[in-house]
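Subject: The structure, and what turned up in it

Hi,

Here is the structure I promised to pass along. Please open it next to this email, and you can follow the notes below as you read.

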Amino acid sequence: MKYLIPFLLIFLVGCTKPAGDQPSQKEVAVFDIHRGTNISHWLSQSNRVGAEREGWFTESDVAFLSAQGFDHLRIPIDEMQMWNEAGEKEPEAFALLHNSLKWCQSHNLKAIVDLHILRSHHFNEGEKPLWTQAAAQERFFQCWRELSAELINYPNDFLAYELMNEPVADNPEDWNVLVGKAAAVVRENEPYRKIFIGSNRWQSTETFGDLRLPENDKHIIVSFHFYEPFLLTHHTASWTGIKNYKGPVQYPGLPIPQEVMDTLNAEVKASVEGMNHIFTKDSLEKRIMKPVNYARERGLQVYCGEWGCLPTVPRESFLNWYSDMREVLETNGVSWSTWDYKGGFGVKDREGKPVEDLLEVLLQ
């Protein structure tokens, strides 16, 4: 018995060892990523279920992306995909998520799990209960309690979290308070996990002056999104306010040539003229410097989690924009992830064929 008591004490201490001391919770100074893409319309923004969802993204896709030269994937997930309306986890969706992470490990890709859309918050919807209802906020925190518990055993140098995609609050302080509380939920058991946080209003470069990060947390990565010039990147996009402009666009220069602007009817002209500024490589760089400097001042990594252009524009302008953007991001030490793999902005087209000229510009 005298030997058994010390053994039991050692055993009990080991059982209550904090999660932060687990091997998977080792501190990592830098989350070493450079070039990635978003796996959209799979576990997020999709009505696919069953075999169709399972077949949309497979290990062969991960192998392809790794072979091209990408080194990480951003994996958007929606609350509606991962949990039913009763708040119970959907086993099939979580199995797919785990599969994708295992494939990434097998093919030497890192991963970011991004909680993209909540039942209480969609970045393009007018009604967003997340900002006004305590129950909706608690549900958001519960999602992260369960995600953290589910993913905690993946190493910190392999997997990172993005707490929420593109917050859109009327008051930026609402986002500051909410993201601080959400980060604290993750930090309860994962003190060293890298957490991506962007600014209010679609993670715009222009709103970083309003962002307040959790204090004394060096494991945060500053994240922004970039789709400027919008008249170019979203040309004819049906979900936008500029959808009725069907004329020519270009880059660099004025996205809509002035001689074309002068011919537009009043309604179409009103929808686009406020965005029609001259864009060059230098002006793109000037716009990204706000989040870059914000991160540098705090000694944090900086990341462009989404950037892309629809293939509805002249090919020369399309490739010029991608080339300039890649150079601007990489010159300023910004790791990045394009939007997206095989959606409307994809590095694979609608037929599943690689977009070779785009891949060459991105990964040369």
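**Helix packing**

Helices α6 (residues 134-151) and α7 (residues 172-187) pack with their axes 9 Å apart, at an angle of about 30°. That makes α6 roughly parallel to α7. A word on the terms: helices (H or I, at least four residues) and strands (E, at least two) are DSSP runs numbered from the N terminus. Axes are lines fitted to C-alpha atoms, for helices over the stretch in contact, with angles from 0 to 180 degrees between N-to-C directions. Angles under 35 degrees count as roughly parallel, over 145 as roughly antiparallel, 65 to 115 as roughly perpendicular, and the rest as oblique.

Before going further, please keep in mind that this is a predicted model, in which local features need pLDDT of at least 70 and side-chain atom pairs count only at pLDDT 80 or more, while totals for chains, interfaces and linings use all residues. Residues are numbered from 1 along each chain as its sequence is written, and side-chain values use heavy atoms, with hydrogens and water left out.

On the α6 side, the contact (heavy atoms within 4.5 Å) is made by Q137, F140, F141, W144, R145 and S148, and on the α7 side by L178, K181, A182, V185 and V186. Sorted by class, the contact of α6 with α7 has seven nonpolar, two polar and two charged residues. Here Ala, Val, Leu, Ile, Met, Phe, Trp, Tyr, Cys and Pro count as nonpolar, Asp, Glu, Lys and Arg as charged, and the others, Gly among them, as polar.

Helix α6 also meets helix α5 (residues 91-106), where the axes come within 12 Å and cross at roughly 45°. That makes α5 oblique to α6, and this crossing is right-handed. F94, L97, H98 and L101 of α5 meet L147, E150 and L151 of α6. These residues divide into five nonpolar, one polar and one charged.

K281, L284, E285 and I288 in α11 meet W321, D324, M325, E327, V328 and L329 in α12. By class, that contact has six nonpolar, no polar and four charged residues.

**The nonpolar cores**

Which residues have the most contacts inside the largest nonpolar core? They are F57, L101, F140 and W307, in a core of 99 residues. A nonpolar core is a set of buried Ala, Val, Leu, Ile, Met, Phe, Trp, Tyr and Cys residues joined through side-chain atoms within 4.5 Å. Buried means under 20% relative accessible area, exposed over 50%, and partly exposed in between (1.4 Å probe, protein chains only). Leaving out residues up to four places away in sequence, F57 touches I39, W42, V62, L65, L73, S100, W103 and Y341. A second, separate core has seven residues, including I112, F196, I221 and Y303.

**Loops worth a look**

The loop between β8 (335-338) and α13 (356-363) holds V347, which counts as buried at 1% relative accessibility. Beyond its neighbours within four places in sequence, V347 is in contact with several residues, among them F70, Y341, P354 and L362. D340 lies in the loop between β8 and α13 as well, and the peptide bond from W339 to D340 is cis, with omega near 15°. Another cis bond runs from Y251 to P252, with omega near 0°.

In the loop between β5 (195-198) and β6 (220-226) you will find G209, exposed at 63% relative accessibility. Q203 is in the loop between β5 and β6 too, with a positive phi near 55°. Is Q203 buried or exposed? At 0% relative accessibility, Q203 counts as buried. N216 of that loop also has a positive phi, near 55°, but N216 is exposed, with a relative accessible area of 83%. For context, most residues other than glycine have a negative phi, and most peptide bonds are trans.

Technical notes:
A crossing is left-handed if the near helix is turned anticlockwise from the far one by less than a right angle, and right-handed if clockwise.
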